[in-house]
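Welcome! Open your viewer, get ready to select residues by number, and let us take a short tour together.

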Amino acid sequence: MFRVYDLSIYASNANELLNNPCLRLISLKISCSFETGYTTANLRFSPCEERETKFKRYLKRFRVEQDDNQLDELLQDKNTRIIKQHVFPTEDGTVVVVDYQVKKRR
């Protein structure tokens, strides 16, 4: 299964798929338009047996000039494990997409 999402609008839909216990993520590609800041996530999944995970995985998009505090809080959170940070320069400033995991509470 292959899906493409605009992270500025549909990040919650992408995060739902990332946390679906019956799907396994095969590949993830983030891209951003320099002119518009339009940020897409290309996600490829394969079906699998339902599985239990210790972490929930998320993608979150930030505009550095507007969301400095939120980004700093996320990076300093002890329950958050950063998988990858994607940084894109655009005409209107810098866009950062953070791929991260949060440990599930029991």
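Select Asp72, which sits in helix 2 (residues 68–76); helices here are DSSP runs of H or I with at least four residues, and strands are E runs of at least two, numbered from the N terminus. This is a predicted model, where local features need pLDDT of at least 70 and side-chain atom pairs count only at pLDDT 80 or more, while totals for chains, interfaces and linings use all residues. Residues are numbered from 1 along each chain as its sequence is written, and side-chain values use heavy atoms, leaving out hydrogens and water.

Asp72 is partly exposed, at 39% relative accessible area (buried is under 20%, exposed over 50%, partly exposed in between, with a 1.4 Å probe and protein chains only).

## Second stop: a salt bridge

Next, select Arg57 and Asp99, whose side chains meet in a salt bridge at 2.6 Å, N to O (a side-chain nitrogen of Lys or Arg within 4 Å of a carboxyl oxygen of Asp or Glu). Arg57 lies in strand 4 (residues 55–63) and Asp99 in strand 6 (residues 93–103), 42 residues apart. Is Asp99 buried or exposed? Asp99 is buried, at 2%.

## Last stop: the cysteines

A search of the whole structure finds 0 disulfides (pairs of cysteine sulfur atoms within 2.5 Å). Select Cys48: the nearest cysteine sulfur, in Cys22, is 6.5 Å away. Cys48 is partly exposed, at 27%.
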